[in-house]
Amino acid sequence: MIVSMFMVICTIFTGCWDKVEIDKRSFISTIGIDAGENIGDIDKLKKLKEDKSNNEIDFKKISVTYGAPDISKLGPQKSAASQDLYLTTDAITMEDAVDKASAKISRDINYGHIKLLILSDGVMGYPDTFKEIVDYFQRQSSINRMMYVVLAEGNAEEYVKFKPSMEQNIETYISGLMQNSDRNSTILPVTLNELLIHLSENGNAIIPSLKYDKDKNEVILTGVALIKDYKLKGYLSQNETSDIEMLRGKLKGGKKSVYVDGHPIDISIENVRKKITMSTLNDKLFFNIDVFIEGQIKGYYIGGKPLTNEYISTIEGNFNKSIEDECEEVIKITQNTFSIDPIGFREYLEKYHPSIWKKKKATWEETYKNCIINVNVHTKIRRIGISK
Amino acid sequence: MKECINDQIYLKTEENVAYLKELLTNNSDVVFRNFFIGKYSCALVYIDGMGDKILLDDYVLQTVMLRGKYISDVNQIKDKLLTVSDIKEVKKMSEGIKSVLSGDTFMFVEGLDGAYVIATRLWPARGVSEPSGETVIRGGRDGFTETIRFNTALVRRRIRDTRFKVVSRSLGVRSKTDVVFMYIDDIVNKEVLQEMTERIDKINIDAILDSGYVEQLIEDNNMSPFPQTENTERPDVVAAAIYEGRIAILVDNSPFAIIVPATLPNLFQSPDDYNQRWIFSSVVRFIRLISIFISLILPSLYVAVTSFNTSIIPTKLAYFIAASREGVPFPAFVEAIIMEISLAFLLESVVRLPKPIGATIGIVGGLIIGQAAVSAGVVSPIMIIIVSITAITSFTTPNYEITSAFRLVRFILIILSSILGLYGIMIGLILLLVHLCKLKSFGIPYLSPLVNPNLDDFKDVLIRAPLNLFKSRPKYMGTSDKIRQR
Amino acid sequence: MNNKYAVSTFGVFASIIVATVGIGTFSYPNELSQFVGTDGWFVIIIGGAVSYGIILILIKLLQKNNWSNFTLILKNNYGNFVGSIFALSFAIYCIFSMAIGIRTFVEVMRMYLLEKTPTEFLIVITLLIGVYIIRGGLDTIIRFNEIAFWLMFIPIIVVLFLLLNNSDFTNLFPIMSNKPIEYIKSLPVNIYIFKGFEILLLILPFMKVKSRVKKATFCSITFIMVFYVLIFIFTLAVFTKYQNSVLLWPTITMIKSINIPGSFIERWDGIVMTMWILFYFTTFINSFYFSSDIIKNVFNLKETKLSYIVILPFIYLAALYPENLLELNDFRGVFFQSFTMIMIALLPLITLIKGFMSKAGGGGISNN
């Protein structure tokens, strides 16, 4: 008994290895990834021999910007205005960037509290590099999988350094925006977890996209970007995004309008459910999506026709037709222009009709392009506010 | 160590008195009174200060000296003359001397081949008052005093059963302290009783000064920081324990009774829980459990979280802690140790200080020094909060010994967490758990009824079930009589 | 110490569960998804049924041999020398499984909690704590198992509730769309996760109420099976089968992804790591005690306390032998799986059959 205690005590006093004081850590809250100068010359890397030492190469494949809050300004007696510290490094890979950054920063880089990842469209044009970046994030145990991912048009570095007017730093701004998706249907929040799951399925994903308006000094969300096979394929506008959300059945809130006599009637959408059914005819697939919407009339005009039951049914009918047309438009775009299936037909087939899926798996892109998709919208307006 | 006393009582009073005077030389408080009952020469021996002089004057001396002439036979003195209620005849000198030293009066009568011992114990004793260490909101306000007879009386008032036994022993070669164990014959676990009796009989020490001595000499494992016996100053706690099948030990000169066997959940109970209604008691028990857990791990958790894994706490809190620790010269581990040690200093000094100064020092030490330390930047404000929460939560247990045991464990956990972070805390907690699993109190596992659980026993551990569900006695005690209520 | 120590029914129940559910819990969804995608739950149920079958064999063996301890059974049935060899090989199997367990445990610990601490140090600490625990003897271990049972499973159930928000149960489809060969290929995973119930060979001879044996073991296997199926379903619901196949420890990553807005604990990985430590420890100390007991009986040492000193260096060396996790996984591959099956299934079966065939199979000396 005493012997074991003695041994324990001896081993304990050999030291502590992992201890890093909290004030010696730097909590990275944002990462921005840009394409480096030399990214076009990737072929040069292919010529490197596997067993030669390649650590001296100065190849600026990506440029990573780290943003962290300035801790000393966040003390208990001081106001909560945090100014960020930024650090930009050029590197070959993400891990290389961490390595080079730790030579420049006095604190220990810590990923535990990261909130936002900004990918620039430049780096998205190179699928090989993107695959390396995705693997890095998938492999790290300490990365927060709930961080938001956005795609930025232009240089990610500017976005990281951007100071929004309402918040102190960009990640609070973006996370606030993402949480606003409850109200605004054009916002589609994507966390790292979801992104990795989608990418591991088939290399396709959708990421919200940002745009920086220099004149007004604002950063705005402009819909989503579509990724196919780890490469940026295109964008969907805000309206199209909200339609896709609705078709996925994940819309939590939003607004659509119908016009009557030149006056818009605003219908705020409260609840969306979807149901996919499928039929085959001559080896061609027919999908039917039934979308059930519950809404509330938020805006009308004074002096218009009083909102009676039949009138509301007419409004509902108009609404259904307009949304159906819009949605079918969007679906055609995804089919023809992008060949990406964001709505989930593939999963539907795989889950509920596995035998058909086995046959179509190899030629899914072709099949998706050629299948006929019908959208049926059923709206129910539940509330009209407190006045007639 | 053994005393050599002549056992024989002489027929002649003068010889007895002479022997005693020689044995007890240099004792100025021993009183010898020679007198005559009729024609028999007698003597009284007692100790001034311990013998009740009024009883001797009024009921012994007055009676015998006034009425003594009516006695014809020596043997009638006890039965027909002495108007004293508690008197017994002894044949051995040593017994009588022991009684004298305990406060009784030794009476020699010429021609009698023995002597009488008259019970005249009276000494200055404290009145019955509420014990300061175990206050309750609802319940009796009496507590044990230093006189063993008063204490047994207080317990007897609560147990008026013929099967209630009060067995006495005398421990300590020089102190000859009276020790009494109390139990109810048909409830108690006979094996525990036998084990305990054996252990007590094995004690061979020169003096027992307090029940603490007895406790330490009979306990199972004296290397463990956890007490394996319960001690209390309250008679209602003792009575409740006896009703559960446990045994209470009272030691003369000590207001603390020992209750054997004790399990860890027992040490977390207070009579308040039973005297009040069950919903509130259950909430209080639950709060106690959580607060003990917090007091155990909070400082080590702070050290682990700030030094090793910061990703567990919310981001804003992490920033806040980091900001408030800027400029603090010591690492978190040293801070925690410093605060723990200064808390220990403070507690110790407050106990020793005289009452009027004690309260002030508590406030001064706690508030002002703490505040000054933060302003000087020596300690971060988070640490002060943590230490105060730890201190408050550690005092929610009704039992002081458990608090000290947990203080020790907390200290070890802080050290472990500074080496291995969260893993260190888990290792410490697992070691603690295993240690508690190993511990036994007189054959009953220390963690009963959490181990070997019978569903019935759970009604008294984490919550307190309504009283009408308390139908049987705790099963882990192995009592002979199992039904408590129908 | 009380020589008449008797294990209660709950003690047996808790000990079997706690000794079986160990580190496998955290990685098995990955292997199952790799082979059979979404149908892992079916494979687990098969595994549970097979395990119960093996348990019945073990119980029969003990019953036939009058509930004496395992080494004595082997010695009686095969003669002193060969019986000792078999017993020793059983002990070696325990040592191997402990070594693999320790190494996996320490590697994951390093991955998530302590990145720079040397592996040797962590292994030594874990071993020393194991030593402290088994010095208390069998009754301490049973008590520890009983408490650890509550401490392990109540938080996990709570955590599973918290995951409901994030999960999409339609990920469980399609059902049964794999070729049968895939199911067969995934059966060895069951060996890894159901291994551990051989502890009943140690405990059952001490059981208080022997008539409840079948009920207790049945309940424990059912509990384990249900628990594993639940965890698998939840990992599928949170990740899809594709991610499941990629992540090395899906259960840990799943718990890490819990996000309750506004709660005090923002990231749950630290909490789950602490729970995980308890899962591992219970498996480890039960195995440790069993192997020490066997060695004590084989060499007729007076006390268990000496035998564990013999075992310690072997575990240490065996744990450090593989270079990294992938080599460890190979180590844990076909060779070890077949070794396991031989030890816990074949050996008792052969002994039982031998006992039936030879008439003198019954007279075992009852436990000391």
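Start by selecting Asn26(B), which sits in the loop between H1 and S1 of chain B. Asn26(B) is not a glycine, yet its phi is positive, about 65°. Keep in mind throughout the tour that this is a predicted model.

**The sheet of chain B**

Now colour the strands on either side of your view. Chain B has an open sheet of five strands, and its order is S1-S2-S4-S5-S3. The pairing in this sheet is antiparallel. Where are the edge strands? Select residues 30-37 for S1 and residues 87-90 for S3 of chain B; each of these strands pairs on one side only. If you look across the sheet, the twist from one strand to the next averages 25°.

Zoom in on S4 (residues 105-109) and S5 (residues 115-118) of chain B, which pair in the antiparallel sense over three bridges. To see a bridge for yourself, show Thr105(B) and its partner in S5(B), Ile118(B).

**A cis peptide in chain B**

Move along chain B to Val260(B) and Pro261(B). These two residues are joined by a cis peptide bond, with omega about -15°. Pro261(B) lies in the loop that runs between strand S10 (257-260) and helix H9 (264-267) of chain B.

**Across to chain C**

Bring chain C into view together with chain B. How many residues does each chain give to the contact? Chain C gives 27 residues and chain B gives 25. On the chain C side, select H1 (9-20), H6 (119-134), H7 (138-163) and H13 (269-299): each supplies at least two residues of the side that touches chain B. That side of chain C divides into 15 nonpolar, eight polar and four charged residues.

Now hide chain B and look at chain C as a whole. Chain C has 16 helices and zero strands. Its C-alpha trace spans about 65 × 45 × 40 Å along the principal axes. A compact globule of 368 residues would have a radius of gyration near 21 Å, and the 21 Å of chain C agrees with that.

**Two helix pairs in chain C**

Show side chains where they meet: from H2(C), the residues are Gly24(C), Tyr28(C), Glu31(C), Leu32(C), Phe35(C) and Val36(C). Facing them from H8(C) are Glu182(C), Tyr183(C), Lys185(C), Ser186(C), Val189(C), Tyr192(C) and Ile193(C). The residues of this contact divide into eight nonpolar, two polar and three charged.

For the second pair, select H5 (residues 80-112) and H16 (residues 334-357) of chain C. Here the axes are 11 Å apart and the angle is about 135°, which makes H5(C) oblique to H16(C). The crossing of H5(C) and H16(C) is left-handed. Which residues of H5(C) meet H16(C)? They are Phe86(C), Phe90(C), Tyr93(C) and Phe96(C), and they meet Phe336(C), Phe339(C), Thr340(C), Met343(C) and Leu347(C) in H16(C). The residues of this contact divide into eight nonpolar, one polar and no charged.

Methods: Residues numbered from 1 in each chain as written. Chains lettered and ligands numbered in written order. Predicted model: local features only at pLDDT ≥ 70, side-chain atom pairs only at ≥ 80, totals over all residues. Contact = placed C-beta atoms within 7 Å. Helix = DSSP H or I, 4+ residues; strand = E, 2+ residues; numbered from the N terminus. Nonpolar A, V, L, I, M, F, W, Y, C, P; charged D, E, K, R; others polar. Axes fitted to C-alpha atoms, helices over the stretch in contact; angles between N-to-C directions. Parallel < 35°, antiparallel > 145°, perpendicular 65-115°, else oblique. Left-handed = near helix turned anticlockwise from the far one by under 90°. Pairing = 2+ DSSP bridges. Rg over C-alpha atoms; globule rule 2.2 N^0.38 Å.
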